[in-house]
Amino acid sequence: MSLPAPSAVAGRTALRRRFLMCRPEHFTVAYRINPWMNPEDPTDTSVALGQWQTLYDAYVGLGHDVELIDPIAGLPDMVYAANGGFTLDGVAYTARFTHPERQPEGPAYGAWFAEHGFRVHEAREVNEGEGDFLLVGDVILAGTGFRTSVESHAELAQVTGREVVTLRLVDPRFYHLDTALAVLDPTGADANIAFLPEAFDDVSRAELHRRYPDAIEVGLEDARWLGLNSISDGRNVVIASRAVGFEASLKERGYTPIGLDLAELLLGGGGVKCCTLELRGDR
Ligand code: ARG
């Protein structure tokens, strides 16, 4: 009998999470605001709904709480709930979208937060919520370069009282931070990440190496399926099934990857994490 790998012996603890999702009832690609979107190519809403359901079911199966916001006709990107805002300690910082096509989503998500007990802080600055803001331990990593403004980083620091670290994205395919960086451990002083080094400018890449010396570095062959666009509960990591290299690295580190096929939603430039907004209530 062979002995299990040390990382598997160490084990990892899953934390129960609370998510907000939006059923892709009106999903299509009607405009192009990122390089993944080709409005001339066909999309299939029923396929999107089926794939989205596998994600929903995976979360419920893992014991997480999933809440739903009603989809709105004419807002095909509303399925990418991560962009709807950023919540922490019972406060919701609202999204202010870059592109006019998505701007009505900001107030729609804002209303949901207000109706569900969050203290809503209306953003003055342009930002796309958890697409560009990721909580790692006590620190918020914040992307900029394509969508979210640096001014919003300062505003978010003020609203949350947390340290906000600005990271500059340089590759238009990885236009949101959550397409280039995954949070592996939601809490804890030794919280870790995975990232695509070439998606960041030199200063940001150096900062990530300094803060997370044990980070998993992911290559383009996985990132091009939006493999990094994933959700971890500290043990189980829901990822794109085509990101096989990332899947292997996660296993080596003692995580349990759960691969899903969200290919239809990839046509809009989103994956697992894009479809998921974390709800963090009062401490
Ligand atoms: N079509 C959407 C956009 O370009 C996709 C958003 C993906 N969301 C994310 N959190 N990365 O805005």
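Visitor: What makes up the shell around the ligand, by class?
Guide: This is a predicted model. The shell holds five nonpolar, eight polar and three charged residues. Gly counts as polar here.

Visitor: Which residues come nearest to the ligand?
Guide: Ala82, Gly131, His176, Gly270 and Cys274, out of the 16 residues around the ligand.

Visitor: How do you know that the span of helix H2 agrees with its number of residues?
Guide: H2 covers residues 45–61, which is 17 residues. The expected span is 1.5 Å times one less than that number. That should give 24 Å, and the end C-alpha atoms are 24 Å apart, so the two agree.

Visitor: Which residues of H2 are called buried?
Guide: Ala48, Gln51, Trp52, Leu55 and Tyr59. The cut-off is 20 or more other C-beta atoms within 10 Å.

Visitor: What covers the buried residues of H2, and what does the face turned away carry?
Guide: The cover includes strands E1 (18–21), E2 (65–68) and E14 (256–260), and helix H8 (263–266). The face turned away carries exposed residues: Ser46, Gln53, Thr54, Asp57, Val60 and Gly61.

Visitor: How many bridges join E10 to E11?
Guide: Two, and the strands run parallel. Pairing needs at least two bridges, so E10 and E11 pair. Phe195 stands opposite Glu217 in E11.

Terms used: Residues numbered from 1 in each chain as written. Predicted model: local features only at pLDDT ≥ 70, side-chain atom pairs only at ≥ 80, totals over all residues. Helix = DSSP H or I, 4+ residues; strand = E, 2+ residues; numbered from the N terminus. Buried ≥ 20, exposed ≤ 12 C-beta atoms within 10 Å, placed from the backbone. Contact = placed C-beta atoms within 7 Å. Near = placed C-beta within 6 Å.
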